[in-house]
Amino acid sequence: MSATDHTNRSGGQKKAMEKPLTVGISSTALFDLSISNELYQQQGLEAYRHYQISQEEVPLEPGDGFYLVEKLLNINKLSDKPLVEILLLSRNSADTGLRVFNSIRAHSLDITRAAFCGGESPYRYIKAFGCDLFLSTNADDVRLALAQNIAAATLLGRTRPLKESSGEALKLAFDGDSVLFSDEAERVYQQSGLDAFSESELDRANHSLAGGPFKAFLSALHRLQQEFPESPNPIRTALVTARGAPAHERVIRTLRNWDIRLDESLFLGGMEKTDFLRAFEADIFFDDQATHCDRASPHIPTGHVPHGIANLNKKL
């Protein structure tokens with residue numbers, strides 16, 4: 001049976017993927033470069049360069065994005081065609097980046113494409129590579145990527161032990177407003193309060209929300225899910241939002257109009273998100289609110305999305 005003979009998760013005809021899901025990641029997000037970066041801060045670029053060259057046969061330890069990348073690449077093992085591609089986008093030079101490539105080989109990661117930018121931001125190559133998502137520990141690079149309408153997030157420094165990949169599904173959790181959706185509703189809340197927000201969302205329940213910075217990535221992820229049976233599927237998605245009734249209806253109708261179905265939708269009505277993310281066993285969580293990210297990051301790999309009204313004139 002051909003790929004186009006299958007039906008999608010919404011019951012319609014399945015659309016074949018035009019290209020692999022493409023994720024760009026910085027070297028500091030993929031590997032733990034804290035020791036060498038501390039050396040760079042204290043002694044400068046030349047000391048950093050000599051250190052990396054002297055250590056280039058010593059594999060780097062996993063960073064905050066490592067096991068997410070590993071799980072993404074494992075999806076390719078379930079298909080006879082490449083469904084996911086990971087790109088390395090680094091501020092290192094090729095000279096200092098050799099240790100990174102050696103570490104990729106040592107950890108058996110199928111990553112073959114890279115951009116080493118010699119101290120400059122790699123954001124300008126994100127569109128040329130066709131990235132659906134960019135992950136970095138550099139918040140300025142993330143903002144530059146978002147300005148190009150690419151889904152991007154800053155991986156927060158961990159205070160938890162890294163969790164190795166299991167054979168279970170890859171699980172991604174998303175906040176709604178300012179991440180999957182625009183910040184139009186969040187602006188009403190920030191400017192006029194909860195009652196005005198609830199009233200506005202009830203009045204506009206039949207008007208779809210505009211897409212946020214992660215809409216295109218969610219669509220690409222949805223197409224990837226359609227390459228597999230609905231159950232079991234190697235990818236599970238969840239909306240984890242502070243919204244509650246009556247503000248839930250507009251979200252549901254928006255996703256329906258986008259022809260995207262999330263596996264789980266948690267409308268928490270203002271409850272703290274962390275325990276729910278732990279129960280979902282998220283491999284990563286994306287949120288625009290620094291407070292939510294700070295609370296979740298000791299327990300769940302977390303990407304801050306510096307977008308929308310909550311991040312105006314703020315830096316994380």
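Analyst: Residues 24 or more positions apart make up 74% of the contacts (heavy atoms within 4.5 Å) in the chain with a separation of 6 or more. This is a predicted model, in which local features need pLDDT of at least 70, side-chain atom pairs count only at pLDDT 80 or more, and totals for chains, interfaces and linings use all residues. Residues are numbered from 1 along each chain as its sequence is written, and side-chain values use heavy atoms, with hydrogens and water left out.

Of the 316 residues of the chain, 51% are buried (under 20% relative accessible area, 1.4 Å probe, protein chains only). The largest nonpolar core has 67 residues; such a core is a set of buried Ala, Val, Leu, Ile, Met, Phe, Trp, Tyr and Cys residues joined through side-chain atoms within 4.5 Å. L30, L135, F214 and F286 have the most contacts inside this core. Helix α4 (residues 66–74) gives the most to it, with 6 residues; helices here are DSSP runs of H or I, at least four residues, numbered from the N terminus. Apart from this core lies another, of 10 residues, among them A173, A238, F280 and A282.

F286, leaving aside neighbours within four places in sequence, is in contact with residues including L133, L135, A153, L172, A173, F174 and F214.

Helix α9 (residues 215–225) is largely enclosed by the rest of the structure, because 8 of its 11 residues are buried. The buried residues in α9 include F217, L218, A220, L221 and L224, and also S219, H222 and Q225.

Terms used: Buried < 20%, exposed > 50% of the residue type's maximum accessible area, 1.4 Å probe, protein only. Helix = DSSP H or I, 4+ residues; strand = E, 2+ residues; numbered from the N terminus.
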